[in-house]
Amino acid sequence: MPFLLLVMLLLATGSNAGGIAIYWGQNGNEGTLAETCATGLYEFVNIAFLSSFGSGRNPMMNLAGHCDPYSKGCTGLSSDIESCQSKGINMMLSIGGGSGSYSLASSDDARQVATYIWNNFLGGQSSSRPLGPAVLDGVDFDIEGGTDLYWDDLARYLSAYSNQGKKVYLTAAPQCPFPDASVGNALKTGLFDYVWVQFYNNPPCQYTSGDVTNLEDAWKQWVSDIPATVFFLGLPASPEAAGSGFIPVPDLTSNVLPAIKGSDKYGGVMLWSKYYDDQSGYSSSIKADV
């Protein structure tokens, strides 16, 4: 009997074990990609950002102080990416960001952007691959501006490349007010594997000291209304990482996580960003509870 209880206990705890997703690329002082993955803290790394694309723009990647993608200065990241993937870490290209210049003018424009991403970051071929030959695992939609038009088309075109062998994972980082103003329509397609909802810089649906109600209500709406496989709680990794929404470790582990981990779609916590996580040690403080 004790053995059976042990098995049941392991199943119960295993079902709610979550992972941590991190954004990397927007601060040159956050260590290399290889160092990021060697911490053993993260299951997903979002390489941020492809910040300019669509509507006739020349697609441009911005990796802050890490390297210059357009003097071939970032092709050395290929070995880092492959090292991360060998550890079972999913490596995503994050498109958009808070200060990028991007939009889609039409369904055909979305198709062209998808083709560019496939050839330059995924399984296609191009002489100008900014990160070198490594094949990323998918694309993260961190769309925070412009219109909500044609992102659903972009998701469909990218997802269709899964038919060429390796699955193209799709993730998204919507704001917690529902529905998201930018990718709300795209998320309805059911094509997104992981959704890390940003529960920060949005007071109506974020945690306030001692009160988890607004966050919990928003979480329930997201997981019940959006057909995605897994949802993550998106948070700032330190008080400096966002204007509002930072959750102190004791509050997260004793109030917030218990309120959402019962959901069968709970997948873990997403943090902005590796730089701030380095400063605070947040992910290592919460990992055992996530």
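The legends below describe close-up views of a predicted model.

Local features rest on pLDDT of at least 70 and side-chain atom pairs on pLDDT 80 or more, while totals for chains, interfaces and linings use all residues. Residues are numbered from 1 along each chain as its sequence is written, and side-chain values use heavy atoms, without hydrogens and water.

**View 1. The disulfide between Cys37 and Cys84.** The sulfur atoms are 2.1 Å apart; a disulfide is a pair of cysteine sulfur atoms within 2.5 Å. The S-S torsion of Cys37 and Cys84 is about 95 degrees, so the bond is right-handed. Cys37 lies in helix H2 (residues 33–38) and Cys84 in helix H3 (residues 77–86), so the pair ties together parts 47 residues apart in sequence. Helices are DSSP runs of H or I with at least four residues, strands are runs of E with at least two, and both are numbered from the N terminus.

**View 2. The disulfide between Cys176 and Cys205.** The S to S distance is 2.0 Å. With a torsion of about 80 degrees, the disulfide of Cys176 and Cys205 is right-handed. Both cysteines are buried, that is, under 20% relative accessible area, with exposed over 50% and partly exposed in between (1.4 Å probe, protein chains only).

**View 3. The surroundings of Asp193.** Asp193 sits in the loop between helix H6 (184–187) and strand S8 (194–198). Its relative accessibility is 10%, so Asp193 counts as buried. Leaving out residues up to four places away in sequence, Asp193 touches Lys167, Val168, Tyr169, Leu170, Thr229 and Val230; contact means heavy atoms within 4.5 Å.
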